[in-house]
Amino acid sequence: PGGFLAAEFVRRSRALGADINTPFNNLTMPGASQSTMSEFFGSGRQSRISMLAQGQLTNVKLSGYYEADFLSAGVTSNNNESNSYPLRQRQAWGQASFNSGWSVTGGQMWSLVTETKHGVDNRTEAVPMTIDPQYTVGFSWARQYGLRLAKNFDNKVWAAVSIENAQATLSTHGNGDN
């Protein structure tokens, strides 16, 4: 078992009614009434719980990992009275790491495009240590379903290939039908 408790505070000079991730495309213009109001609130929604199970066979190490936080939003979720945000699955994957240096990982995990601190090893992702990490310049990431095959050459060079669930939207939203 693992995880941590978070206590973060957000202060904005223009009220957005948003959570800890600032939606920069929703900033109010100077003439809007919200642009004269500020906001300040605390949140523990990035608190995280995790579970790692590992076992060693003769020539393979088997691992299973699950990680969740409270950054999901249900239909009735709000921070006005109850902070009733549901649990959100961040990662859920299984891995077989062979003594030969090969590993196979499948499930919901950080994308292979995400920078890691040790080769291409899961659970070594170099995520920004900030409250609002998704807008950090240079941080390329996705957490999505995938199947990854990797080879570790004596902890000096890694090669990997991954088949991942697409996370791109190739259409427009909110446009008229014509």
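Mentor: Asp 69 lies in strand E5, which covers residues 60–69; strands (E, at least two residues) and helices (H or I, at least four) are DSSP runs, numbered from the N terminus. Please keep in mind that this is a predicted model, in which local features need pLDDT of at least 70, side-chain atom pairs count only at pLDDT 80 or more, and totals for chains, interfaces and linings use all residues. Residues are numbered from 1 along each chain as its sequence is written, and side-chain values use heavy atoms, with hydrogens and water left out.

Trainee: Is Asp 69 buried or exposed?

Mentor: The general idea is a threshold on relative accessible area: buried means under 20%, exposed over 50%, and partly exposed in between, with a 1.4 Å probe and protein chains only. Asp 69 has a relative accessible area of 0%, and therefore counts as buried. For the protein as a whole, buried residues make up 32% of the 178 residues.

Trainee: Which polar contact does the side chain of Asp 69 make with another side chain?

Mentor: A polar contact is a pair of N or O atoms within 3.5 Å; within protein, one must be able to donate a hydrogen and the other to accept it, and residues adjacent in sequence count only if both atoms are side-chain atoms. The side chain of Asp 69 makes such a contact with the side chain of Arg 90, at 3.4 Å.

Trainee: Which strands does E5 pair with, and how many bridges join them?

Mentor: Two strands pair if DSSP finds at least two bridges between them. E5 is joined by nine bridges to strand E4 (residues 48–56) and by 10 bridges to strand E6 (residues 88–98), and both pairings run antiparallel. E4 and E5 form a hairpin with three residues between them; in this pairing Leu 52 stands opposite Tyr 65, while on the E6 side the bridge partner of Lys 61 is Ser 97.

Trainee: What is the order of the strands in the sheet?

Mentor: The sheet is open and has seven strands in the order E1-E4-E5-E6-E7-E8-E9, with antiparallel pairing. Its edge strands are E1 (2–4) and E9, each of which pairs on one side only. The twist averages 15° from one strand to the next, where axes are lines fitted to C-alpha atoms (for helices over the stretch in contact) and angles run from 0 to 180 degrees between N-to-C directions. At the E1 end, three bridges join E1 to E4, and Gly 3 stands opposite Ile 49. In total, the secondary structure of the protein comes to zero helices and nine strands.

Trainee: How should I read Gln 89, and what is it in contact with?

Mentor: Gln 89 lies in strand E6 and counts as partly exposed because its relative accessibility is 38%. Leaving aside neighbours within four places in sequence, Gln 89 is in contact with Tyr 66, Glu 67, Ala 68 and Gln 108. Gln 89 and Ile 49 are 40 residues apart in sequence and 9.9 Å apart in space, C-alpha to C-alpha.

Trainee: Which rings have a charge sitting over them?

Mentor: A charge sits over a ring if NZ of Lys or CZ of Arg is within 6 Å of the ring centre and within 35 degrees of the ring normal. The charged end of Arg 45 sits over the ring of Tyr 85, 3.4 Å from its centre, and Arg 143 lies over the face of Trp 110, at 4.9 Å from the ring centre.

Trainee: Where are the residues with positive phi found?

Mentor: Arg 123, with phi near 70°, a positive value in a residue other than glycine, is found in the loop between strand E7 (102–110) and strand E8 (143–153). Arg 123 is partly exposed, at 43% relative accessible area. Asp 154, with phi near 55°, is found in the loop between E8 and strand E9 (157–164), and is exposed, with a relative accessible area of 68%.

Notes
Contact means heavy atoms within 4.5 Å.
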